[in-house]
Amino acid sequence: VCVLSINSFSQAYKTTNDSLECIIKISTYKEYVLKKYYDEAYPHWLASYNSCPASTKNIYLDGVKIYQSFIEKEKDKTKRLALIDSLMAVYDKRIAYFGQEDYVLGLKGVDLLRYNKQKFEEGYGYLLKSIKSQRNETDAAMVLTFMQSTGGMFKNGKISSQDVLENYMLCIDILEYQLFDAKKNVNTTDYLAFKNNLVQLENQKAELIETLGESGREVIDVEKEISTLKKENSYANKLAKAEMAITSTENIFTQSGAASCQVLVDIFSPKFNNNKTDVELLKKITTILDNSECNESPLFTEASEQLYKIEPSSRAAYNIAQLFVKNKDFNKAIEYYQKAISIEQDELAKA
């Protein structure tokens, strides 16, 4: 068992009424959790969870790890459902004692979608509420999970194509904000080095798990290296997550069946006709139509040309160039491709 000073524990506590008994209980289970000995940790953790609920948020973070491990190993359906209910209760109790409801509901939704398909709609609801509240602060992985659940909800007839479109636009807005914010704070060389190091460590971890299991000492050491790498390169990590999430979100949307050209044109045409000077709207229309392979529609042409008139951007020039290619006007296409390259400031996009 790890031995830590009373002072160091007391500083992490929310209240000043936590007893020495709570400190002992928490220190007893903590070392087991760090080593992923969840069976040994559980009785001591449960005592802390029941007796010291306001002591530290770590009780709930560790409880999630313990129950997730139990759920993933449990084969009996009835016992598994009981464990899932216990996991959901951990999230609820965390909200009761430590707040952050908008954020924690997202975590709860992700796990409900992962472990209990019978409550898919409930998990989707938690994520929708969480993302609408957190907006740009939502973790990219959580945004992607929400988009995956959106696809499932539409497939099962629970939401409309309009709902899918609105969710897609919400997700893309958040992810593009995070992408732009990260790009401002990391250069290309550092970013590529980070991605290379991360891939190497992830591959090393996978190989060790295959031979030693998840609780192997070497596995835990590599996980610490990965965590340190991400913390020391937070913007590079944010950029990598946003890039991956954007690509996956776009694929989910275009493959959902909700993104037919006619549906998109019907939805966006009135918006375009009512406000042809809204730059953000024009960007959304051209991006979504292009990603959905609807760039032969008159709406795409009109919106692209209008966007370029108002805001001559690389993306708008690129869209217009594509139109000229389709019409076999290659000289004009070259002209606009060159404009797109000359305007673009981001080196990766330019390449």
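Me: How many helices and how many strands does the secondary structure of the chain come to?
Reply: The C-alpha atoms of this predicted chain fill a box of roughly 80 × 45 × 40 Å along the principal axes. The secondary structure of the chain comes to 18 helices and 0 strands.

Me: Among contacts between residues at least 6 apart in sequence, what percentage join residues at least 24 apart?
Reply: The chain has 351 residues, and buried residues make up 44% of them. Of the contacts in the chain between residues at least 6 apart in sequence, the share that joins residues at least 24 apart is 62%.

Me: Which helix gives the largest share of the lining of the largest pocket?
Reply: The largest pocket has a volume of about 1700 Å³. Helices that give two or more residues to its lining are helix 2 (20-34), helix 3 (38-51), helix 4 (58-73), helix 5 (77-98), helix 6 (101-115), helix 8 (140-155), helix 10 (188-212) and helix 11 (217-232). The largest share, 9 residues, comes from helix 4.

Me: How many residues in the lining of the largest pocket are charged?
Reply: The lining holds 42 residues, and those nearest the centre of the pocket are Lys36, Tyr38, Lys65, Gln68 and Glu223. By class, the lining of the largest pocket has 15 nonpolar and 8 polar residues, and the number of charged residues is 19.

Me: Which helix gives the most to the lining of the second largest pocket?
Reply: This second largest pocket has a volume of about 1400 Å³. At least two lining residues each come from helix 9 (161-183), helix 12 (234-255), helix 14 (279-291), helix 16 (314-326), helix 17 (330-343) and helix 18 (347-350). With 8 residues, the element that gives the most is helix 9.

Me: How many residues in the lining of the second largest pocket are polar?
Reply: A total of 33 residues line the second largest pocket, with Glu176, Leu179, Thr287, Arg315 and Glu344 nearest its centre. The lining has 13 nonpolar and 13 charged residues, while its polar residues number 7.

Me: Is the aromatic pair of Tyr49 and Tyr60 stacked or edge-to-face?
Reply: The structure holds 13 aromatic pairs. In the pair of Tyr49 and Tyr60, the ring centres are 6.0 Å apart and the angle between the planes is 70°. Tyr49 lies in helix 3 and Tyr60 in helix 4, 11 residues apart. Since planes over 60 degrees apart meet the criterion, the pair is edge-to-face.

Me: Does Tyr60 count as buried or exposed?
Reply: A residue is buried if its relative accessible area is under 20%. Tyr49, at 9% relative accessibility, therefore counts as buried. Tyr60 has a relative accessibility of 1%, so Tyr60 counts as buried.

Me: Is the pair of Tyr124 and Phe146 stacked or edge-to-face?
Reply: Tyr124 lies in helix 7 (residues 120-134) and Phe146 in helix 8, so the pair ties together parts that are 22 residues apart in sequence. Tyr124 and Phe146 are both buried. Because the ring centres are 5.5 Å apart and the planes are at 20°, the pair is stacked.

Me: Which Lys lies over the face of Tyr49?
Reply: Tyr49 belongs to a cluster that ring pairs form with Tyr42, Trp45, Tyr60, Tyr67, Phe70 and Phe98. At 4.0 Å from the ring centre of Tyr49, the residue that lies over the face is Lys93.

Me: Is Gln178 buried or exposed?
Reply: Gln178 is placed in helix 9. Beyond its neighbours within four places in sequence, Gln178 is in contact with Asn136, Glu137, Thr138, Ala140, Lys238 and Ala242. The relative accessible area of Gln178 is 5%, so Gln178 is buried.

Me: What is the phi of Gln100?
Reply: Most residues other than glycine have a negative phi. Gln100 is found in the loop between helix 5 and helix 6, and Gln100 is partly exposed, with a relative accessible area of 39%. Although Gln100 is not a glycine, its phi is positive, at about 55°.

Me: Where is Lys36 placed?
Reply: Lys36 is a residue other than glycine with a positive phi, near 65°. Its place is in the loop between helix 2 and helix 3.

Conventions. Residues numbered from 1 in each chain as written. Predicted model: local features only at pLDDT ≥ 70, side-chain atom pairs only at ≥ 80, totals over all residues. Heavy atoms only, no water. 1 Å grid on protein atoms, 1.4 Å probe; cavity = no way out; pocket = protein on both sides within 12 Å on 5 of 7 lines; lining within 4 Å. Points joined across faces, edges and corners; volume = space filled by probe spheres on them. Helix = DSSP H or I, 4+ residues; strand = E, 2+ residues; numbered from the N terminus. Nonpolar A, V, L, I, M, F, W, Y, C, P; charged D, E, K, R; others polar. Phe/Tyr/Trp six-rings, centres within 6.5 Å; stacked < 30°, edge-to-face > 60°. Buried < 20%, exposed > 50% of the residue type's maximum accessible area, 1.4 Å probe, protein only. Lys NZ or Arg CZ within 6 Å of the ring centre and 35° of its normal. Contact = heavy atoms within 4.5 Å.
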